[in-house]
Each structure stands twice: as C-alpha cells, then as structure tokens.
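Here are my notes on the model, point by point. Please read them with the coordinates open.

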Amino acid sequence: MTTPYIYRAFGLIIASELEVPGAVSVAHSAVDADVVIRIGACPIGPVESVNGPYSRSGEALLFDAAGVARYVAPASDQLWVESYPNADSEKVIALLIATALPMLIWMRGDVVVHAAGIVPAGTTKAIAIAGPSGVGKSTLAA
C-alpha cells in the first residue's frame with residue numbers, strides 16, 4: 001500500500017497514512033522512509049508489563065490513550081494508529097505527535113526531551129525549559 005504523505009520530522013523520513021502537522025513534506029521519490037505510520041489495528045502478543053498507559057509485549061510497545069486511540073509500535077520502524085469510535089481526530093493527531101512518535105524514537109535508541117523554548121525579546125539566544133509532561137513548561141514559556 002502506498003502512503004499518501006512523506007515527511008521529514010524528528011530527524012527521520014516518515015511515510016504516513018495520516019497527516020503530520022508541523023512536519024516538512026518530502027517528495028515521494030526522494031528517499032526511503034525510516035518509519036511507516038499506518039491506520040488500523042495492529043495485534044500484539046501477550047502483555048508482559050504495564051506502566052500507566054504504556055504496555056510492552058516482546059519488542060512491541062503500546063500507548064493506549066483511552067477514548068482517543070491506541071498507538072502500537074511493533075518495531076522501531078512501524079507505528080499503527082487505531083482510533084477509538086467517535087474519537088476527536090485532532091486529539092488523535094496531537095497524541096501521535098506528542099507521545100506516540102517520541103515513544104518510537106525512544107525505541108530507536110534516541111533521546112526524547114520534553115521541552116518548551118522561547119527567544120526573549122531583543123535577543124537572538126533561545127532558552128529551553130525541560131521537564132516531564134504536565135509540569136507547566138508551556139505555561140511558564142507563555
């Protein structure tokens with residue numbers, strides 16, 4: 001199946017069946033994709049461990065955002081997105097970008113940093129505010 005969107009984001013070439021706002025479009029014939037994002041159910045084996053909304057089954061990771069979508073990474077080059085019935089499509093995409101893709105990046109052995117950045121008025125230097133999700137980085141930056 002041909003994926004309709006090809007992007008550069010997170011240092012990767014991503015072929016996706018979903019739009020990825022904020023990613024840079026790339027010509028379809030330009031390069032091979034590092035990651036493929038598919039829509040639909042991706043079965044995983046028996047769950048071996050659970051930590052909040054995350055589950056592990058062998059090498060596969062699952063992020064289950066109740067009422068929004070299940071994001072399954074069976075390998076470090078694949079991500080399946082299965083939306084719940086009546087899920088808000090904007091939330092599905094937001095969690096794809098903010099949580100599921102960083103999960104996949106972590107699986108690839110790369111570092112994932114949650115941060116907000118600002119460039120104070122009158123300067124050319126940036127300030128990064130890093131910390132766990134939900135601690136108020138964006139509020140502080142605003």
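1. Nine strands make up an open sheet of mixed pairing, ordered 3-1-2-4-9-8-7-6-5. Its edges are strand 3 and strand 5 (49–51), each of which pairs on one side only. Strands here are DSSP runs of E with at least two residues, helices are runs of H or I with at least four residues, and both are numbered from the N terminus. Two strands pair if DSSP finds at least two bridges between them.

2. Basis. This is a predicted model, with local features needing pLDDT of at least 70 and side-chain atom pairs counting only at pLDDT 80 or more, while totals for chains, interfaces and linings use all residues. Residues are numbered from 1 along each chain as its sequence is written, and side-chain values use heavy atoms, with hydrogens and water left out.

3. Strands 8 and 9, and the helix. Five bridges join strand 8 and strand 9 in the antiparallel sense. Opposite Gln78 of strand 9 stands Ala75. Helix 1 (residues 89–107) packs on the sheet. Helix 1 touches strands 2, 4, 6, 7 (60–65), 8 and 9, where contact means heavy atoms within 4.5 Å. The direction of helix 1 makes about 25 degrees with that of strand 8. Axes are lines fitted to C-alpha atoms, for helices over the stretch in contact, and angles run from 0 to 180 degrees between N-to-C directions.

4. Salt bridges. How many salt bridges are there? The count is two, a salt bridge being a side-chain nitrogen of Lys or Arg within 4 Å of a carboxyl oxygen of Asp or Glu. One joins the side chains of Arg38 and Glu17, at 3.1 Å from N to O. This pair links distant parts of the chain, 21 residues apart. Arg38 sits in strand 4 (residues 35–39), and Glu17 in the loop between strand 2 (12–16) and strand 3 (24–25). Arg38 and Glu17 are both buried. Buried means under 20% relative accessible area, exposed over 50%, and partly exposed in between (1.4 Å probe, protein chains only).

5. The Glu82 pair. Glu82 and Arg70 meet through their side chains in a salt bridge of 3.4 Å, N to O. Glu82 belongs to strand 9 (residues 78–83) and Arg70 to strand 8 (residues 69–75), so the pair ties together parts 12 residues apart in sequence. Glu82 is partly exposed at 29% relative accessible area. Arg70 is also partly exposed, at 23%.

6. Ser57. Ser57 lies in strand 6 (residues 54–57). Is Ser57 buried or exposed? Ser57 has a relative accessible area of 8%, so it is buried. A polar atom of its side chain lies 3.1 Å from the backbone oxygen of Gly45. For the backbone oxygen of Pro46, the distance to a polar atom of the Ser57 side chain is 2.9 Å. Leaving out residues up to four places away in sequence, Ser57 touches Ile44, Gly45, Pro46, Val47 and Glu48.

7. Aromatic rings. There are three aromatic pairs. Rings of Phe, Tyr and Trp (its six-membered ring) pair if their centres lie within 6.5 Å; planes under 30 degrees apart count as stacked, over 60 as edge-to-face and the rest as tilted. Tyr5 and Tyr7 are stacked, at 6.0 Å centre to centre and 15 degrees between the planes. Tyr5 is partly exposed at 28%, whereas Tyr7 is buried at 5%.

8. The ring cluster. Tyr54, Phe63 and Tyr71 are linked into a cluster by ring pairs. Phe63 and Tyr71 are both buried.

How values were computed
Polar contact = N/O pair within 3.5 Å; in protein donor to acceptor, adjacent residues only side chain to side chain.
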